[in-house]
Amino acid sequence: MGFDKLNTPLLGKTAIERSMDALIAGGCDSLVFVTSGESEKTVASLSVPVPFTVVSGGEQRTDSVRNGLKAASGEIAVIHDAARCFVDPAIVKASIESAEKYGSGVVAIPVTDTVVKLEDGAFETLDRNTLFRMQTPQTFRLEKIRAAYEKGDYATDDATLYARMFGAPRLVPGSENNRKLTTEADWAWAIERLCPPAFGIGFDTHRLVEGRELFLGGVQIPFEKGLLGHSDADVLLHAIMDAILGALKLGDIGKLFPDTDPQYAGISSRVLLCKVNELVQKRDMLVSHVDATVICQRPKLAPFREAIERTIAEDLAIPFDAVSVKATTTEGMNDEGRGLCISAQAIVSVRHK
Ligand code: MG
């Protein structure tokens, strides 16, 4: 992936640390880290709650595992690819129990797609009921898997070498979440998995007065009055901005754009919304959805609704379908209903890109 995927923090914890935690929670009582180069130092400095050693990796996966097995101790060897850092400790436990009972416990999942073999123009559909995708951990009696490795053969997993010497190993059900972080898409999946969207809520109200133009959601609305405020007083964009800032715990627009600051006098709230969106993007995040309600007796907003949604979507650089704006009256009640003010409420979700 162009960076050290195992030692790069994924929301505070590296893949190696996540794998380590899962293995220990699943029942491993000592660890052998097999790694190379710079990573050896990083791993040696980890705080590991069980006895551990760090050994150098080899040219290929098989060489690395062979080195690891030499340093391993105990009855059972749990061989795990640290890039599968979301393995459930229950799966680790099940593989250990299987190895204790049957000599092996290899994590695998059934193939649900149709798999074909295409070789020299020959097309063969394989019987998927007989096919499995191998994952890790792959767990064995230490002396047996060591013997399988000492033969000097090569394979892309441990079960293959074990099967050559001792026959088919026992399979243990794995999981789609036990995914190997290999590509950029896997990394993005991992971030999404670790970071559910954040939500923010916003509310604002401004007085309706004569002699001002009316802006709602960045759109100028023909009306005999406008909203009073330091900026263009676009109450809808203000509620949306506060919701975004709330989702990121960045305070509110009063703190960011004080109404005592002359640079914001009469400013279009669209400019401010774009500034708020820059803060979102700086965090490598995006606004994923906006829903807002304008509370107003007059004017009727229905004819402007789509233009407002388009303007907001454009300023946030998100799809039109991700923005919803509704309007309601208060049936002549309250200050909104008496035409003294217009209010707006918004809720937004923000997520990692
Ligand atoms: Mg305001």
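**A helix and its cover**

Reply: The cover over the buried residues of α4 includes α1 (15-25), β3 (76-79), β4 (104-110), β7 (132-141) and β8 (171-173), where contact means heavy atoms within 4.5 Å and buried means under 20% relative accessible area with a 1.4 Å probe, protein chains only. Helices (H or I, at least four residues) and strands (E, at least two) are DSSP runs, numbered from the N terminus. This is a predicted model, in which local features need pLDDT of at least 70 and side-chain atom pairs count only at pLDDT 80 or more, while totals for chains, interfaces and linings use all residues. Residues are numbered from 1 along each chain as its sequence is written, and side-chain values use heavy atoms, with hydrogens and water left out.

Me: Which residues of α4 are buried, and what arc do they cover around the axis?

Reply: The buried residues in α4 are Ile91, Val92, Ser95, Ile96, Ser98 and Ala99. They lie on the same side of α4, because the arc they cover around the axis, taken from the directions from the helix axis to the C-beta atoms, is only 160°.

Me: Which residue caps the N-terminal end of α4?

Reply: The backbone nitrogen of Ala90 lies 2.9 Å from a side-chain oxygen. That oxygen belongs to the capping residue, Asp88.

Me: What phi does the residue that follows α4 have?

Reply: The residue after α4 is Gly103. Its phi is positive, near 95°.

Definitions and conventions. Buried means under 20% relative accessible area, exposed over 50%, partly exposed in between (1.4 Å probe, protein chains only). A polar contact is a pair of N or O atoms within 3.5 Å; within protein, one must be able to donate a hydrogen and the other to accept it, and residues adjacent in sequence count only if both atoms are side-chain atoms.
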